[in-house]
Amino acid sequence: TIFAAMLLFVLGGVALGGVYYVMTQRTAVSTTSTVATSSILFAESSVTLPLDNQAASDLKAQLAQVREKQIGTLGSIMRIIPTITNAQTGTTRPATTAEFFSSIGAHPPDELVRAFGSDFFFGIHVVDKNAPVLIIPVVSYDHAFAGMLAWETSMNTDLSPTFTAVSPTKTGPEGTPIARTFQDIVLRNYDTRALEDDTGQIMLYYSFPNPNLLVIAESPYSFAEILARLQANRQL
């Protein structure tokens with residue numbers, strides 16, 4: 001009887017220890033996973049893009065090459081996380097919005113950059129093509145809206161070839177070249193500014209789905225998916 005009681009006590013202790021270990025491991029994995037995948041928008045996969053010691057032309061070339069690859073199933077989004085490494089500590093962190101634009105040689109107005117939050121989401125949506133999407137939190141809507149209007153004249157040039165390049169001019173009514181400009185359109189009931197090619201196809205657009213978020217994308221098919229994921233993530 002004493003032996004049986006001692007055996008049951010030992011087995012009970014082992015079982016409790018095993019349960020504690022499993023629960024601890026599950027909690028640790030869950031916490032790590034949450035931190036690692038935390039972002040503005042859900043993405044099925046993610047890759048890093050080191051920005052250190054790389055020329056803007058090289059970074060743009062790398063991003064353009066990504067668009068030519070098979071990166072996921074139809075409808076999926078791959079997140080690209082630009083990173084900065086501290087040379088002294090060796091630690092790596094996500095780049096800020098301003099650092100990312102500076103690294104790829106983009107020159108949005110200073111007013112616009114100051115109106116942006118430091119974090120952002122950049123990815124490739126597999127839809128009718130591998131289409132880039134850029135989502136940026138906004139800290140000052142008025143300044144962001146005015147800054148985007150001012151950036152329209154050079155935004156496509158700044159973002160290409162990551163975004164498809166469009167000729168800055170088009171043929172006017174009298175057959176003479178005129179400046180190609182963004183037009184007001186409505187996508188999914190949201191006011192949007194869009195840049196079209198000579199066939200009338202939208203090649204670049206931006207919209208503020210709410211005063212706190214800016215969406216810049218290429219494929220109109222991406223907009224519905226972005227909105228759905230933002231709503232699922234309680235960003236809208």
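Leu195 stands opposite Leu204 in strand β10, where strands are DSSP runs of E with at least two residues, helices are runs of H or I with at least four residues, and both are numbered from the N terminus. The model is predicted, so local features need pLDDT of at least 70 and side-chain atom pairs count only at pLDDT 80 or more, while totals for chains, interfaces and linings use all residues. Residues are numbered from 1 along each chain as its sequence is written, and side-chain values use heavy atoms, with hydrogens and water left out.

**Strand pairing**
- β9 (residues 190–196) and β10 (residues 202–210) pair in the antiparallel sense over 5 bridges; two strands pair if DSSP finds at least two bridges between them.
- β9 and β10 form a hairpin with 5 residues between them, and Gly200 in the turn has a positive phi of about 90°.
- β8 (residues 183–187) also pairs with β9 in the antiparallel sense, over 5 bridges.
- Gln183 has Ala194 of β9 as its bridge partner.
- The hairpin of β8 and β9 has 2 residues between the strands, and Arg188 in its turn has a positive phi of about 50°.

**Nonpolar cores**
- A nonpolar core is a set of buried Ala, Val, Leu, Ile, Met, Phe, Trp, Tyr and Cys residues joined through side-chain atoms within 4.5 Å; buried means under 20% relative accessible area (1.4 Å probe, protein chains only).
- The largest nonpolar core has 39 residues, and Phe101, Trp151 and Leu214 are among those with the most contacts inside it.
- Helix α5 (residues 141–159) supplies the largest share of this core, 5 residues.
- A second, separate core of 19 residues includes Phe121, Ile185, Ile202 and Ala217.

Terms used
Buried < 20%, exposed > 50% of the residue type's maximum accessible area, 1.4 Å probe, protein only.
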